[in-house]
Amino acid sequence: MILYGSDTSPYVRRIRIYCLRHDITLDYRKLDIFSEEGRATLHQYNPARKLPFLLADDQAVLDSNVIARYLQQKFSLPHLNWSQENLLTILNACNDSLVELLLCQRSEFDTNEDRLFFNLQRGRIAETLKVLDQRCQENVFLNCEYLQISLYCLLDWIRFRDLFDLTAYSALEQFYDQWRSLDEIRLTDPRA
Ligand SMILES: N[C@@H](CCC(=O)N[C@@H](CS)C(=O)NCC(=O)O)C(=O)O
């Protein structure tokens, strides 16, 4: 199985950590989607033009969440229940809004301006982080490995890119500290 991704993407990192923890062998290939060559590969396999995507069993599997489900089915690993799926949706919404704002900043917009699009993203980020912080103290969250991995990747990416001040979210901060020294975390650190 070939996983196309980049070291800095929190979505790619989820899959890499998940595979490391389950001894699933991946041929991980880094793709610079802003280079001509990287874009050509991206366009060839993924019309959504996003990372990650997986090539396996003669097909392309697109989107980290779909890849996770594909791996869970293929290797008979536990699936998320509905309440965990909902939390994943909330977590993804937070991550997606942060990606949108980062792309706006890179396009030289002032994302602190009082504009509908920026206000919607900022509101969503604050609300989803609040819910994740609350739910982080509950077993429904902490009993699901894929959610935990996804949460860690989000929190570490927020720090890595200096996107949001997390100090008010004490449960998230505590969770982050518990996870940061694990081997799989170190092996996939985008700073390394
Ligand atoms: N829902 C997708 C989101 C993936 C995503 O947003 N990937 C970013 C990298 S972190 C990307 O490829 N962005 C390229 C773009 O937006 O043009 C997933 O879970 O895989």
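The largest cavity in this predicted model is lined by Asp7, Thr8, Ser9, Pro10, Arg13, Cys153, Asp156, Trp157, Phe160 and Pro190. A cavity here is a set of points on a 1 Å grid over the protein atoms alone where a 1.4 Å probe fits but cannot get out, and lining residues have an atom within 4 Å of a point. Its volume is about 40 Å³, taken as the space filled by probe spheres set on the points, with grid points joined across faces, edges and corners.

Helices (H or I, at least four residues) and strands (E, at least two) are DSSP runs numbered from the N terminus. By class, the cavity lining has 5 nonpolar, 2 polar and 3 charged residues; Ala, Val, Leu, Ile, Met, Phe, Trp, Tyr, Cys and Pro count as nonpolar, Asp, Glu, Lys and Arg as charged, and the others, Gly among them, as polar.

Before going on, some bookkeeping: residues are numbered from 1 along each chain as its sequence is written, and side-chain values use heavy atoms, with hydrogens and water left out. Local features need pLDDT of at least 70 and side-chain atom pairs count only at pLDDT 80 or more, while totals for chains, interfaces and linings use all residues.

Now for the open side of things. The largest pocket has a volume of about 860 Å³, a pocket being an open set of grid points with protein on both sides within 12 Å along at least five of seven lines. Its lining runs to 29 residues, with Ser9, Ile33, Lys50, Leu51 and Val99 nearest the centre. Helix α4 (82-106) brings the largest share, 7 residues, and α1, α3 and α4 each supply at least two.

Around the ligand are Ser9, Pro10, Tyr11, Ile33, Arg49, Lys50, Leu51, Pro52, Asp63, Ser64, Asn65 and Leu103, each with a heavy atom within 4 Å of it. That shell has 6 nonpolar, 3 polar and 3 charged residues.

Which side chains make polar contacts (pairs of N or O atoms within 3.5 Å) with the ligand? Asp63 puts a polar side-chain atom 2.8 Å from a ligand nitrogen, Ser64 has a side-chain N or O atom 2.6 Å from a ligand oxygen, and a polar side-chain atom of Asn65 lies 3.5 Å from a ligand oxygen. Taken alone, the ligand exposes 520 Å², and the protein buries 80% of that, using Shrake-Rupley areas with a 1.4 Å probe. The elements giving two or more residues to the shell are α1 (10-21) and α3 (64-74).

Most residues other than glycine have a negative phi, and most peptide bonds are trans. Yet the bond from Leu51 to Pro52 is cis, with omega near 5°; Pro52 is in the loop between α2 (36-45) and β3 (53-56). Asp58, in the loop between β3 and β4 (59-62), has a positive phi near 60°.

Note on methods. Polar contact = N/O pair within 3.5 Å; in protein donor to acceptor, adjacent residues only side chain to side chain.
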